[in-house]
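Here's a quick tour of one protein model, written for someone who would rather look than calculate. Have the viewer open as you read.

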Amino acid sequence: MSVGVSEAAERLGVSRQRVLQMIADRSLPAERVGRSWSINEVDLAHRRVPLGRPLSPEMARGFLELAAGSRPSLDARNVSRLRARMVRLVREVSSGGDPAGLLRSWLPHRADRLEKSVAAADLGDAMADHRLAASGVSDPRAGMASPGMGEGYVDEQLAAPFFAEHFAVDADSSVPANLIVHVARRVPPISPVLIAADLADYRAGREDGQAHVVLAEWIESGDYDEDLVFGRRRP
């Protein structure tokens, strides 16, 4: 069975122009049929596409808002681009691919990830601070809670006093990290997609696997507005 350029672009999570480029440089086999191109689904399935460029801070915020069921404050063209990435992410999960790798590639600019260390006895107080939005390993949905490790998001305007009040210092080889703080211009909504992105940042097999589980459970739950998240694009 064959598909056209637009369908191939949607499945790969790239633009039509990118598909035409791949056809032109012969990295994607295609057959000319009249004025159109026909691409075999088998060739499409075996085509490895680069994970994709990192999203800008604004686009990363929009992607996470979309994942949380909110309409991003972006123009229609950019929302459509984000929906295409969302479809690709869902397909990566469904096919047993590498969704953690996608999120690492797409969302490095969502916040500054800082590895901090606080006194073990004070970690609970830091996590209970209203300025910190628990995420990653500290969100119950991650299924990876540990009493000796905390993670969350802090607004950049509140980060300095938060660190000072909890005596949080930069972690290094002599002072191991027990608090991962993502400092953001605006704290994004804490959704399963954000939790999975946080887990992916550990760059470890266990966390990557759990990121896949978190995303699969989110997709299976159907706890999102398909029309808002995907628009006319459906996984």
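What follows covers a sheet, a helix pair and some aromatic rings.

## Ground rules

This is a predicted model, so to speak of local features takes pLDDT of at least 70, side-chain atom pairs count only at pLDDT 80 or more, and totals for chains, interfaces and linings use all residues. Residues are numbered from 1 along each chain as its sequence is written, and side-chain values use heavy atoms, with hydrogens and water left out.

Helices (H or I, at least four residues) and strands (E, at least two) are DSSP runs, numbered from the N terminus.

## The sheet

Start with the open sheet: 5 strands, in the order β5-β6-β8-β4-β7, with mixed pairing. Two strands count as paired if DSSP finds at least two bridges between them. At the edges you'll find β5 (133-134) and β7 (169-170); each has a single partner strand, so one side of each has no neighbour in the sheet.

Take β4 (residues 112-117) and β7: they run antiparallel and are joined by 2 bridges. Serine 117 has valine 169 in β7 as its bridge partner. Helix α8 (residues 156-165) packs on this sheet and touches β4, β6 (150-155) and β8 (179-184). The direction of α8 makes about 125° with that of β6.

## Two helices crossing

Now look at α6 (residues 99-106) and α9 (residues 192-200), which pack at about 90° with their axes 9 Å apart. That makes α6 roughly perpendicular to α9 (under 35 degrees is roughly parallel, over 145 roughly antiparallel, 65 to 115 roughly perpendicular, the rest oblique). Axes are lines fitted to C-alpha atoms, for helices over the stretch in contact, and angles run from 0 to 180 degrees between N-to-C directions.

On the α6 side, the contact (heavy atoms within 4.5 Å) is made by Ala100, Leu103 and Arg104; α9 brings Val193, Ala196, Ala197 and Ala200.

## Aromatic pairs

There are 2 aromatic pairs. Rings of Phe, Tyr and Trp (its six-membered ring) pair if their centres lie within 6.5 Å; planes under 30 degrees apart are stacked, over 60 edge-to-face, and the rest tilted. Phenylalanine 63 and tryptophan 106 sit edge-to-face, 5.8 Å centre to centre with 80° between the planes. Phenylalanine 63 is in α4 (residues 57-67) and tryptophan 106 in α6, so this pair ties together parts 43 residues apart in sequence.

Phenylalanine 162 and phenylalanine 163 are also edge-to-face, at 5.8 Å and 65°. With 0% relative accessibility, phenylalanine 162 counts as buried (under 20% is buried, over 50% exposed, in between partly exposed; 1.4 Å probe, protein chains only). Phenylalanine 163 is buried at 12%.
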